Amino acid sequence: MARRPRVGVTGNASRWSPSWWCTKMALLLAGAEPVRLSVRHPWSGEAFDALIIGGGDDIDPEHYGGDINQKVKLDPERDKLEIRWIEWALEQRVPLLGICRGAQLINVVKGGTLYSDIRHMRKLTYNRPGLLPTKQVKLHSASHLASLCRKKHLRVNSLHHQAIKQLGIGLKVVGQDLDLLTQAVESSEGELIIGVQWHPEYLFYLPAQFAIFRWLKQASE
């Protein structure tokens with residue numbers, strides 16, 4: 001039996017994390033071996049073939065020159081852990097998927113910045129968070145993500161109030177919502193990186209969303 005690629009999955013440290021369990025299920029169905037990483041789930045030392053940086057709390061503004069006085073829920077230890085893993089993935093050139101907060105943090109590590117709160121910027125998109133696919137995203141037709149999803153228009157969920165502002169080095173925007181806020185990024189330099197602002201782990205029952213996990217598995221072989 002062929003070895004399943006090992007995929008490290010970062011996230012919060014709570015014992016019951018719906019995001020982790022849904023990501024785990026999606027990766028298992030895609031043929032990968034998911035391994036949980038958090039401040040309470042230390043690395044065993046075994047190598048990873050790919051990495052997912054998951055969603056969660058806001059990123060500390062000190063990492064991107066944001067307003068440090070803004071009242072947001074932060075997790076400094078998680079920030080440090082995930083920054084180290086992103087740097088490792090970039091150095092080792094392993095496939096890297098960023099989900100919501102994860103996409104934002106990849107952008108920050110690459111020198112980009114974030115909007116601390118986009119709720120006042122939304123005119124055509126509901127601010128109400130939800131797990132169901134209610135938000136519209138248009139993918140750039142020539143993007144790798146559009147090719148993977150086999151669609152240029154997606155309906156996705158939305159759980160964020162922060163978003164990418166200035167792009168990090170080596171990234172390009174490949175998806176936007178109706179308010180033209182960044183919803184997906186890829187590498188512009190041939191790196192195996194995809195970052196999405198929504199949560200495909202809660203939508204893996206949709207072929208276009210499951211394709212993202214299948215890509216990560218195939219890219220890691």
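1. A residue counts as buried when its relative accessible area is under 20%. Glycine 11 has a relative accessible area of 15% and is therefore buried. The model discussed here is a predicted one, and the values below are to be read accordingly.

2. Glycine 11 sits in the loop that runs between β1 (6-10) and α1 (18-30). Once its neighbours within four places in sequence are set aside, the contacts of glycine 11 are Leu37, Ser38, Arg78 and Glu82. Aspartate 117 lies 106 residues from glycine 11 along the chain, and the C-alpha atoms of the two are 21 Å apart.

3. As to the overall fold, the protein contains five helices and eleven strands. The C-alpha trace spans about 50 × 40 × 35 Å along the principal axes. For 221 residues, a compact globule would have a radius of gyration near 17 Å; the protein has 16 Å, and so agrees with that expectation.

4. Of the 221 residues, 53% count as buried. Among the contacts with a separation of 6 or more, 67% are between residues 24 or more positions apart.

5. Concerning the surface, the accessible area of the protein is about 10800 Å², and carbon and sulfur atoms contribute 53% of this. The protein carries 29 positive and 22 negative charges, whose mean positions are separated by 8 Å.

6. Histidine 199 is located in the loop between β11 (193-196) and α5 (207-219). The side chain of histidine 199 makes a polar contact of 2.8 Å with the side chain of glutamate 201. Beyond the neighbours within four places in sequence, histidine 199 is in contact with Gly55, Ile99, Cys100, Asn157 and Leu159.

7. Because its relative accessible area is 77%, arginine 150 is classed as exposed.

Conventions: Residues are numbered from 1 along each chain as its sequence is written. This is a predicted model: local features need pLDDT of at least 70, side-chain atom pairs count only at pLDDT 80 or more; totals for chains, interfaces and linings use all residues. Side-chain values use heavy atoms; hydrogens and water are left out. Helices (H or I, at least four residues) and strands (E, at least two) are DSSP runs, numbered from the N terminus. The radius of gyration is taken over C-alpha atoms; the globule rule is 2.2 Å times the number of residues to the power 0.38. Buried means under 20% relative accessible area, exposed over 50%, partly exposed in between (1.4 Å probe, protein chains only). Contact means heavy atoms within 4.5 Å. Accessible areas come from the Shrake-Rupley method with a 1.4 Å probe; for residues, only the protein chains shown count as cover. Lys and Arg count as positive and Asp and Glu as negative; His and the chain ends are not counted. The place of a charge is taken as NZ of Lys, CZ of Arg, CG of Asp or CD of Glu. A polar contact is a pair of N or O atoms within 3.5 Å; within protein, one must be able to donate a hydrogen and the other to accept it, and residues adjacent in sequence count only if both atoms are side-chain atoms.
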